Amino acid sequence: MRSAYLSALMVIAGLVAGVLVPAQQASAQTKPMLVVAFSGYNELHTDLEFIGEISENPELANSLDGLLAVVTQFQGLVGLDKSKPWGASVSSDGQAFQTLVFLPVTDLQKLFGALANFVGEPKDSGDGIWQVRVNNGMPAFVKEQAGWAFLAQSPDQLADLPKDPGALVSGLAKKYDLAVKANIQNVPQQFRDLAITQIKLGMQSGLERQDDETDAQYQLRVKIMQQQLAQLEEVINGLDEIVIGWAIDPKSRSAYLDFSLTAMPGSKLAQNAAAASTIKSKLAGFLESDKSLVDGHIASKQGPDDIESTLSLVKSLRTTVMDSIDKEDDLKDDEKPVVKKVVGEGLDVVEATVKKGVFDGGFVIVGEGPFTLAAGALIEEGKRLESAFKQALELVKGKPDAPEIKLNAETHAGVTFHTLSGPWPPNDNDNEQAKKLLGDELVVTFGFAADRVFVAVGEDGIDTIKSVIDDSASAKSPELPFEVHAWLEPILEYAAEQQPDNPILKTVADSLDEDDGIHLTSRMIKNGAMSRLEFDEGVLKAIGMAGAAAQKQQRRR
């Protein structure tokens, strides 16, 4: 589904562009292409009360009421139904567009009066339509129907209104505070075809032969581009819905941003989504460390399209690297065949692993400063990769500034470790920041087993990988195919130590619990996938406190 996510972003861009097209009157057979939903005033007030509570700013919600009182001449949002959601939609009948904004109202004239500073004096245009001014005097037209006020760019767009606009947004508004849904199948086919054509033209414009490109490189690049264009067309025509939603949830005491896409049942895209299922992980230990700052894990079965795309990229990489080796002046002529053999062996292992269609791996950052970063994955023919690694090291030995190499430094649970260490390469900053983060000396650890490979950067590389291996032996396999967690307390504690003159960092760090973090997860849903970026209560509290502290400092200046 990775290519589907990228293509979905292109589709959204096209739909947003459609909103900017001058609207025309559409017929009664209009279908909503794009829907924007806002949960409503009462939900906003509840969210602000929650944020105010956890950030030690209990008057936050009341400040909104105070602001509205000032800008509405102390009338408040009188005439607005504060219990219902708001919305906007862009619809089409295949020929024209209809752009509408709709608000729930109890008394439209009272609402006009409260918003007089923004809409001016409404003018009666007949047939229940009122003309107001928005955006520095631009005209807009409003009509009330069945408890809803509809706003459009022209009177013609108010001729045929939806009977229940709340039905368009109620599902989104119950789940999110603010959400956007794109109904891809409601986009007329001619517009989808136009979008595909424009994207193709843009991509093909980059297919000109480069001066330093060989025939093989150029032909392979063209082939990859053609595959991507074919996948793009499948995605645009196979997508059903794209939803982006943001919510603050006082019940779970968290906030989250969702991005989901679903495909048409039976489409190739839906079949790929079904194939990209979760597997039982053998490396779940990457999520078990209680000392990590950041950790991540992926364990999923890949769909056929993703496998094919990745293999094409590996093939492209092989062609490019082999050609670069031939042109490398720092390599002796008798060294180039050896380097090619080593690189070829490594890429053979990568291809064999990709063809299995399963990815199981992760990463972790641990320590209190200096830190250690470790990563690993299941692979095919791990010992073959280790052999290629050792051959590569033979080329390094004896060269100026070569690192200290320790082969077979340790073994643990079938994994053999090798280390490379030495001073940091000189640069303009004298590596002081790198030394603070990863230690006075650059230490890289590699671990190989028949079915696994690990790499770590930092002084505790071997111990960190050992811990992952041991935890993986007993850890329960995660239910989610993909997850990344950043634990804010140790991150901000370290930042506060590095910046002792910044009291805000220390205050915010002290307010956090060890379980407070930011989480990025992905899971499969029916005919599609959903990703979520979630913020724990402590993170929201920290953001609120940091903002309040920054405001206080600003007022003192």
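A salt bridge is a side-chain nitrogen of Lys or Arg within 4 Å of a carboxyl oxygen of Asp or Glu. The model is predicted, so that local features need pLDDT of at least 70 and side-chain atom pairs count only at pLDDT 80 or more, whereas totals for chains, interfaces and linings use all residues. Residues are numbered from 1 along each chain as its sequence is written, and side-chain values use heavy atoms, with hydrogens and water left out.

**View 1. A network of salt bridges.** Arg318, Lys341, Glu345, Asp348, Glu351, Glu381 and Arg384 are linked in a network of salt bridges. By the rule stated above, the count comes to 21 salt bridges. Side chains of opposite charge can pair when their charged atoms come close.

**View 2. The overall chain.** The protein chain has 17 helices and 20 strands; these are DSSP runs numbered from the N terminus, with helices (H or I) of at least four residues and strands (E) of at least two. The C-alpha trace spans about 90 × 60 × 45 Å along its principal axes. Of the 557 residues in the protein chain, 43% are buried. Buried means under 20% relative accessible area, exposed over 50%, and partly exposed in between (1.4 Å probe, protein chains only).

**View 3. The salt bridge of Lys268 and Glu234.** The side chains of Lys268 and Glu234 meet in a salt bridge with an N to O distance of 3.6 Å. This pair links distant parts of the chain, 34 residues apart: Lys268 is in helix α9 (residues 268-275) and Glu234 in helix α8 (residues 215-238). Lys268 counts as partly exposed because its relative accessibility is 42%. Glu234, with a relative accessible area of 33%, is likewise partly exposed.

**View 4. The salt bridge of Glu537 and Arg253.** A salt bridge (3.0 Å, N to O) joins the side chains of Glu537 and Arg253. The pair links distant parts of the chain, with Glu537 in helix α17 (residues 537-556) and Arg253 in the loop between β9 (239-249) and β10 (254-263), 284 residues apart. Glu537 is partly exposed, with a relative accessible area of 29%, and Arg253 is partly exposed at 27% relative accessibility.

**View 5. The salt bridge of Lys397 and Glu394.** Lys397 and Glu394 meet through their side chains in a salt bridge of 3.3 Å, N to O. Lys397 has a relative accessible area of 44% and is therefore partly exposed; Glu394, at 49%, is partly exposed.

**View 6. Buried Asp295.** Asp295 is placed in strand β11 (residues 292-301). Asp295 is buried yet has no salt bridge, and the nearest side chain of opposite charge, Lys291, is 14 Å away. One, of 2.8 Å, is with the side chain of Ser292; another, of 3.1 Å, is with the side chain of Trp487.

**View 7. Leu317 and Gln217.** Leu317 lies in helix α10 (residues 304-327) and counts as partly exposed, at 44% relative accessibility. Leu317 and Gln217 are 100 residues apart along the chain, and their C-alpha atoms are separated by 9.4 Å.

Key. Lys and Arg count as positive and Asp and Glu as negative; His and the chain ends are not counted. A polar contact is a pair of N or O atoms within 3.5 Å; within protein, one must be able to donate a hydrogen and the other to accept it, and residues adjacent in sequence count only if both atoms are side-chain atoms.
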